[in-house]
Amino acid sequence: MHFRDLTESQILALAITAEEEDARIYRDFAEALRANFSATADLFPRVALEDDEHRHRLIELYRKKFGEHIQ
């Protein structure tokens, strides 16, 4: 399946998943860097929070358009 073949609900679900995964990765980076690069590590949780906010907005949009169950 190609990206162009996805429905709007599938694209939104994919975007939600991507934001969740990105936030997790940023938190993992922060944890890995904390011991040796604490100032840099402090930046990553803030970026993760931004991705959390994006994900919440996308979930709300999905619910309005397609209902509670994200497929």
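This is a predicted model: local features need pLDDT of at least 70, side-chain atom pairs count only at pLDDT 80 or more; totals for chains, interfaces and linings use all residues.
Visitor: Which residues of α1 are buried?

Guide: An α-helix has 3.6 residues a turn, so residues three or four places apart point the same way. With that in mind, look at the buried positions in α1: Ser9, Leu12, Ala13, Ile16, Glu19, Ala23 and Ala30.

Visitor: What do the buried residues of α1 pack against?

Guide: Their partner is α2, residues 38-66.

Visitor: Which residues make up the largest nonpolar core?

Guide: There are 6 of them: Leu12, Ala13, Ile16, Leu58, Ile59 and Tyr62. Both helices take part, with α1 and α2 each supplying at least two residues of this core. To follow one member, take Leu58. Setting aside residues up to four places away in sequence, Leu58 touches Leu12, Ala15, Ile16 and Glu19.

Visitor: How is Ala48 placed, buried or exposed?

Guide: Ala48 has a relative accessible area of 0%, so this residue is buried. Ala48 sits in helix α2. Its contacts, leaving aside neighbours within four places in sequence, are Ala23, Tyr26 and Arg27.

Visitor: Now the aromatic residues. How many aromatic pairs does a search of the whole structure find?

Guide: The search finds 3. For each pair, read the distance between ring centres and then the angle between planes. For Tyr26 and Phe44, the centres are 6.1 Å apart and the planes are at 25°; planes under 30 degrees apart count as stacked, so this pair is stacked.

Visitor: Where in the chain are Tyr26 and Phe44?

Guide: Tyr26 is in helix α1 and Phe44 in helix α2, 18 residues apart, and the pair links distant parts of the chain. Tyr26 has 25% relative accessibility and counts as partly exposed, whereas Phe44, at 19%, is buried. The cut-off for buried is under 20%, so the 19% of Phe44 falls inside it.

Visitor: What about the rings of Tyr62 and Phe66?

Guide: Their centres are 5.1 Å apart and their planes lie at 50°, so the pair is tilted. Tyr62 and Phe66 are 4 residues apart in helix α2, which means that about one helical turn separates them. Tyr62 is buried, with a relative accessible area of 3%, while Phe66 is partly exposed at 36%.

Visitor: Which residues form an aromatic cluster?

Guide: One cluster is made of Tyr26, Phe29 and Phe44.

Visitor: On to charges. How many salt bridges does the structure hold?

Guide: There are 7. For each, read the closest N and O atoms, then where the two residues sit. Asp52 and Arg27 form one, with those atoms 2.5 Å apart. This pair links distant parts of the chain: Asp52 is in helix α2 and Arg27 in helix α1, 25 residues apart. Asp52 is buried, with a relative accessible area of 12%, and Arg27 is partly exposed at 36%.

Visitor: Which other salt bridges can I look up?

Guide: Arg34 forms one with Asp42, the closest N and O atoms being 2.8 Å apart. Arg34 is partly exposed at 33%, and Asp42 is partly exposed at 38%. Another joins Arg63 and Glu68, with the closest N and O atoms 3.2 Å apart. Here Arg63 is partly exposed at 37%, but Glu68 is exposed at 60%.

Visitor: Which side chain of opposite charge is nearest to Asp51?

Guide: That is Arg27, 7.8 Å away. A salt bridge requires the nitrogen and oxygen atoms to be within 4 Å. Asp51 is buried yet has no salt bridge. Asp51 lies in helix α2 and touches Glu19, Asp22, Ala23 and Tyr26, not counting residues up to four places away in sequence.

Technical notes:
Residues are numbered from 1 along each chain as its sequence is written. Side-chain values use heavy atoms; hydrogens and water are left out. Buried means under 20% relative accessible area, exposed over 50%, partly exposed in between (1.4 Å probe, protein chains only). Contact means heavy atoms within 4.5 Å. Rings of Phe, Tyr and Trp (its six-membered ring) pair if their centres lie within 6.5 Å; planes under 30 degrees apart count as stacked, over 60 as edge-to-face and the rest as tilted. A nonpolar core is a set of buried Ala, Val, Leu, Ile, Met, Phe, Trp, Tyr and Cys residues joined through side-chain atoms within 4.5 Å. Lys and Arg count as positive and Asp and Glu as negative; His and the chain ends are not counted.
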